[in-house]
Amino acid sequence: MGYIRAEEILPIEIIELIQQYVDGKNIYIPRKSSHRQAWGTGTQIKQELLQRDRQIYEDHLAGGSTGELACKYFLSEKSIQRILRKFKENV
């Protein structure tokens, strides 16, 4: 997220109105709900995590314990249990 100087995009009247509330402070203006994107939309992270989770499930089926899988994948045992539960529900 980059910063844009208010003077470059807003009329002076709006700047003066905003200054009544936050003079000299940085503020964040959120996107409109209609313009928001779902998490992971701009990257491949969802696919990468799904692939990792599948591998965790396969490793578990091959005999890996939650403790071993937690160490191997650098996750907590609770996270491993959550992943395994998700795959068991979908099978």
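## Helices α3 and α5

The axis of a helix is here a line fitted to its C-alpha atoms over the stretch in contact, and the angle between two axes is taken between their N-to-C directions. In this predicted model, the axes of α3 and α5 come within 10 Å and cross at roughly 90°. Angles of 65 to 115 degrees count as roughly perpendicular, and α3 and α5 are therefore roughly perpendicular to each other.

From α3, the residues L50, R52, D53, R54, I56, Y57 and H60 take part in the contact, where they meet I80, I83, L84, K86, F87 and K88 of α5. Sorted by class, this contact of α3 with α5 has 7 nonpolar, 1 polar and 5 charged residues.

## Helices α4 and α5

Helix α5, which spans residues 77-90, also packs with helix α4, residues 66-73, at an angle of about 105° and with the two axes 8 Å apart. These two helices, α4 and α5, are therefore roughly perpendicular to each other.

On the α4 side the contact involves T66, G67, L69 and A70, and on the α5 side E77, I80, Q81 and L84. By class, the contact of α4 with α5 is made up of 4 nonpolar, 3 polar and 1 charged residues.

## Two buried residues

L84, a residue of helix α5, is buried, because its relative accessible area is 4% and the cut-off for a buried residue is under 20%. When residues up to four places away in sequence are not counted, L84 touches I56, Y57, H60 and T66. Among these partners, I56, Y57 and H60 are listed in α3, while T66 is listed in α4. The C-alpha atom of L84 is separated by 27 Å from that of G42, and these two residues are 42 residues apart along the chain.

D53 has its place in helix α3, which covers residues 45-61, and D53 is likewise buried, with a relative accessible area of 5%.

## The largest pocket

The largest pocket holds about 700 Å³ of space. It is lined by 20 residues, of which I4, R5, A6, K25 and I27 are the closest to its centre.

Helices α1 (6-9) and α2 (12-19) each supply at least two residues of this lining. By class, the residues that line the largest pocket divide into 12 nonpolar, 4 polar and 4 charged.

Technical notes
Residues numbered from 1 in each chain as written. Predicted model: local features only at pLDDT ≥ 70, side-chain atom pairs only at ≥ 80, totals over all residues. Heavy atoms only, no water. Axes fitted to C-alpha atoms, helices over the stretch in contact; angles between N-to-C directions. Helix = DSSP H or I, 4+ residues; strand = E, 2+ residues; numbered from the N terminus. Parallel < 35°, antiparallel > 145°, perpendicular 65-115°, else oblique. Contact = heavy atoms within 4.5 Å. Nonpolar A, V, L, I, M, F, W, Y, C, P; charged D, E, K, R; others polar. 1 Å grid on protein atoms, 1.4 Å probe; cavity = no way out; pocket = protein on both sides within 12 Å on 5 of 7 lines; lining within 4 Å. Points joined across faces, edges and corners; volume = space filled by probe spheres on them. Buried < 20%, exposed > 50% of the residue type's maximum accessible area, 1.4 Å probe, protein only.
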